[in-house]
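The exercises below are meant to be worked through with the sequence and the model side by side. Try each task before reading its solution.

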Amino acid sequence: MLTDPRPPTRRLDSGATIPRVTTPRTILHVDLDAFFAAVEQRDRPELRGKPVVVGGGGPHLRGVVSAASYEARKFGIHSAMPLRTAGALCPHAVFLPVDGRKYGRVSREVMAILRRYTPLVEPVSIDEAFLDVTGSRQLFGDGEAIARQIKATIREELGLTASVGVGTTKLVAKIGSDLRKPDGLVVVPPGEEAAFLAPLPITRLWGVGQKTADSLASFGVRTIGDLAALPGDALERRYGKVGVALSERSVGIDPDVVDGGDPAKSVSHEHTFDVDTSEREVIERSLLGMADGVAGRLRGSGIKASTIALKLRDSNFRTITRQTTLPEPTDLTEPIYRAATQLLRKELKGQRIRLVGVAASNFREKEQLGLFTAPDEPRRHQVAEAADTIRKRFGERAVTRARLVGAHLPTPFERDPMTAVERRHGTEIARQARDEDEASGRDSQADTEDVEIPLDA
Ligand code: TTP
Ligand code: MG
Ligand code: MG
């Protein structure tokens, strides 16, 4: 297991210290393969299997390569190379201009998929993010299982391939995702960080550019293992604080945590009907499925919510949300479903409904089940958690409520409540994509209201 680089938590009077005991974290780094070029190949099947270069306007114009498909890379083409050079290396490559809006939109779809597995998603560029899935293992399986699910979902839903690294630190995960591209999966189990890094060239290590690599070569350092073998104090004398950090990184220690930004303010699912409907039974059945999905995600994140909101959009695209506060915060299906149907009954007056959604917000950390919990609460929890376990092992549809059987409902579509890419890394591309979505005016007639409903809890 990795030792935590932070100082020990407690010093005894005797002067002895109690080491901080930490369980290893499970961190994923996900990076799409040849991102811009892969999106173009997806959308234009005639380009699949061909050298594709995305950048500027074409091979005879000024500008550099943004992305090169793996077929184009065989000719030596890579990002940041002048387009002229790329054109000379492979004249028959297909050269396409950058479609920033499109890539921004796909990026948001990727990030929304990642957030299904943990709220701790830290996007670091348009096509990559770190995830801390330590708290998600109970629900979705270990790091490798989650990585496989993410790769499969990105492939099935977006038609793209991603490479994933799994490790106990961001450093190891990031190096892992890059190692077997494209469509790679590299898992470094706890305790094997140093052995994994040792044979790799020193330039793979964060903070080691060509200058540092040249300087380290004078110490005989070529691989990360060579660096790890040097005494830490020698590195400190030569490079100061940087030397200490390099020494730690060389064995995989990296204290940097995954920064999930502001915690999600709500967990929500929504569903658009194939055909607009005014049938209460159909809408309520859909609400039950979504309440179940929201409750499962709350349990997966170890939180409870006390505000439940219902979203309705009718066939005239009029959108309303109504919300109510529960007497007790919950992470179970029933109270969420009950609150949502009560809100629904007040609003449903024969209009045809196009979209329905359920959101839970106003979170609290899950407290220990205590003296004041309702008597059947622990049992209901056991049932819910058993269902989570079965879903985890046999898939989302393995456990379902009697009322949903035969409903042929799609797995509730996960809404993207936060656009973390924009919020935290505000790229122009992401902003354009959002402006475009807003310009389509989808929520322009939204109407929101709090409703007091006495819940027969
Ligand atoms: P990368 O993830 O660095 O590269 P990639 O996805 O094209 O290829 P791979 O990850 O498989 O090695 O960058 C993501 C996108 O960012 C890339 O598709 C285009 C854009 N980009 C640029 O516009 N300029 C650049 O110099 C780089 C490196 C990337
Ligand atoms: Mg990439
Ligand atoms: Mg990238």
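Predicted model: local features only at pLDDT ≥ 70, side-chain atom pairs only at ≥ 80, totals over all residues.

How many residues lie between strand 7 and strand 8 in the hairpin that they form? Residues are numbered from 1 along each chain as its sequence is written, while chains are lettered from A and ligands numbered from 1 in the order in which they are written.

**Solution 1.** Begin with the elements, where helices (H or I, at least four residues) and strands (E, at least two) are DSSP runs numbered from the N terminus. The hairpin of strand 7 and strand 8 has two residues between the strands.

**Exercise 1.** Work out which strands stand at the edges of the open sheet of three strands.

**Solution 2.** The order of this sheet is 5-4-6, with mixed pairing. Strand 5 (67-68) and strand 6 (94-96) each have a single partner strand and therefore stand at the edges, so that one side of each is left without a neighbour in the sheet. Strand 4 (residues 52-54) pairs with strand 5 in the antiparallel sense over two bridges, and the bridge partner of V53 in strand 5 is A68.

**Exercise 2.** Find the residues of the largest nonpolar core that touch the most other members.

**Solution 3.** A nonpolar core is a set of buried Ala, Val, Leu, Ile, Met, Phe, Trp, Tyr and Cys residues joined through C-beta atoms within 7 Å. A residue is buried if 20 or more other C-beta atoms lie within 10 Å of its own, exposed if 12 or fewer, and partly exposed in between, with C-beta atoms placed from the backbone. Of the 54 residues in the largest core, L28, F35, V53, L114, L131 and I150 touch the most other members. Helix 4 (residues 100-114) gives the most to this core, namely six residues. Leaving aside residues up to four places away in sequence, V53 touches V65, A68, A72, I77, A86, A93 and F95, where contact requires C-beta atoms, placed from the backbone, within 7 Å.

**Exercise 3.** Decide where the buried residues of helix 12 lie around its axis, and what covers them.

**Solution 4.** In helix 12 (residues 241-249), the buried residues are L246, S247 and R249. They cover an arc of only 165° around the axis, taken from the directions from the helix axis to the C-beta atoms, which puts them on the same side of helix 12. Their cover includes helix 7 (170-179), helix 10 (224-229) and helix 11 (232-239).

**Exercise 4.** Classify T203 as buried, partly exposed or exposed, and describe its surroundings.

**Solution 5.** First locate T203, which is in the loop between helix 8 (193-197) and helix 9 (210-217). Because T203 has 13 C-beta neighbours inside 10 Å, it counts as partly exposed. Not counting residues up to four places away in sequence, T203 touches V208 and A213. From C-alpha to C-alpha, T203 and T223 are 8.1 Å apart in space, although 20 residues apart in sequence.

Terms used. Contact = placed C-beta atoms within 7 Å. Pairing = 2+ DSSP bridges.
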